[in-house]
Amino acid sequence: MWERFLVPSEDDCIQCQHTSSPLGNGAVVETSDRRILVLQRSNKVGEFPGYFVFPGGHPEPQEVGIISHEGFQELNQCHMINSKVSQEMFDSIVREVVEEIGTPADSLSSPIFIGISRRVLNVRPTAFFFIKCNLRSDEIQQLYSSAQDGFESTQLYAVSMSDLENMASKMPGCHKGGYALYKLMVQGMSDS
């Protein structure tokens, strides 16, 4: 029912003036057998039930000691917090992948930032990363059954690029954008 808070306007700032805009994160995870991991969201979640998504969530401000909007006036504190926030962006996406898929953190490469996508409807931004996993898709399927946040999804798919293209039409806007960013990354790698 969050749509009730939208204000009719062509201007995103006006349209979404009563909604927050937290920065989310998502990961395009490639297995050792070159499959991409996609989750189907549970019908019991609040946003986009039943849709296909990449694993993700959002960074946690409390992980870097931020518990309110106050207290960082001094310049040296701002630099320290900025550094911690930057690191949290990378640490949090690894945590999300581990929690949602069940893969051990040490099976994942360091995340590579590939861009930011934004939903059209509520303009929430999502930072997308590319992560390689040194496990095969069948090994990951075994781990998924005991994932900590497995309740958020009903199924884990390990798909080819062509299957991913077909699934993208059933993704929320920010995840469609994540798929587009991934395609640009793959195209850039093949051009060089």
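1. In the loop between β1 and β2 you will find Arg34, a handy place to start. Phi of Arg34 is near 60 degrees, a positive value in a residue other than glycine. With a relative accessible area of 61%, Arg34 is exposed; the cut-offs are over 50% for exposed, under 20% for buried and partly exposed in between, using a 1.4 Å probe and protein chains only.

2. A word on the source: this is a predicted model, in which local features need pLDDT of at least 70 and side-chain atom pairs count only at pLDDT 80 or more, while totals for chains, interfaces and linings use all residues. Residues are numbered from 1 along each chain as its sequence is written, and side-chain values use heavy atoms, with hydrogens and water left out.

3. Now the overall layout. The protein has five helices and seven strands, and from the N terminus on their order is α-β-β-β-β-α-β-β-α-β-α-α. Of its 192 residues, 42% count as buried. Among contacts (heavy atoms within 4.5 Å) with a separation of 6 or more, 65% are between residues 24 or more positions apart.

4. Next, the largest pocket, which holds about 540 Å³ of space. A pocket is defined on a 1 Å grid over the protein atoms alone, as an open set of points where a 1.4 Å probe fits, with protein on both sides within 12 Å along at least five of seven lines; lining residues have an atom within 4 Å of a point. Grid points are joined across faces, edges and corners, and the volume is the space filled by probe spheres set on them. The lining has 30 residues, and Arg41, Gly56, Gly57, Glu100 and Glu152 are the closest to the pocket centre.

5. Which elements give two or more residues to that lining? They are β1 (24-30), β2 (36-41), β4 (56-57), α2 (75-101), β6 (125-132) and α5 (173-191). The most comes from α2, with three residues. By class, the lining has twelve nonpolar, eight polar and ten charged residues. Here Ala, Val, Leu, Ile, Met, Phe, Trp, Tyr, Cys and Pro count as nonpolar, Asp, Glu, Lys and Arg as charged, and the others, Gly among them, as polar.

6. Asn25 deserves a look. This residue of strand β1 has a relative accessible area of 2%, so it counts as buried. Its side chain reaches the backbone nitrogen of Gly57 at 2.8 Å, and a polar contact of 3.0 Å joins it to the side chain of Ser92. A polar contact is a pair of N or O atoms within 3.5 Å; within protein, one must be able to donate a hydrogen and the other to accept it, and residues adjacent in sequence count only if both atoms are side-chain atoms.

7. On to the nonpolar packing. In soluble globular proteins, nonpolar side chains tend to be buried together. A nonpolar core is a set of buried Ala, Val, Leu, Ile, Met, Phe, Trp, Tyr and Cys residues joined through side-chain atoms within 4.5 Å. In the largest one, of 20 residues, Val29, Leu37, Val97, Ile131, Ile140 and Leu156 touch the most other members. Two or more residues each come from β1, β2, α2, β6, α3 (137-144) and β7 (153-159), and α2 has the largest share, with five. Apart from this core lies another, of 17 residues, among them Ile114, Phe130, Ala168 and Tyr179.

8. Buried or exposed, what is Thr103? At 1% relative accessibility, Thr103 is buried; leaving out residues up to four places away in sequence, Thr103 touches Val97, Val98, Leu108, Cys133, Leu135, Ile140 and Leu143. Ser109, at 29%, is partly exposed. The C-alpha atoms of Ser109 and Ile131 are separated by 5.6 Å, although these residues are 22 apart along the chain.

9. Finally, two residues in helices. Glu99 belongs to α2 and, leaving aside neighbours within four places in sequence, is in contact with Ala147, Gln148, Asp149 and Gly150. Ser162 lies in α4 (residues 161-167) and is partly exposed at 49% relative accessibility; a polar contact of 3.2 Å joins the side chains of Ser162 and Ser160.

Terms used. Helix = DSSP H or I, 4+ residues; strand = E, 2+ residues; numbered from the N terminus.
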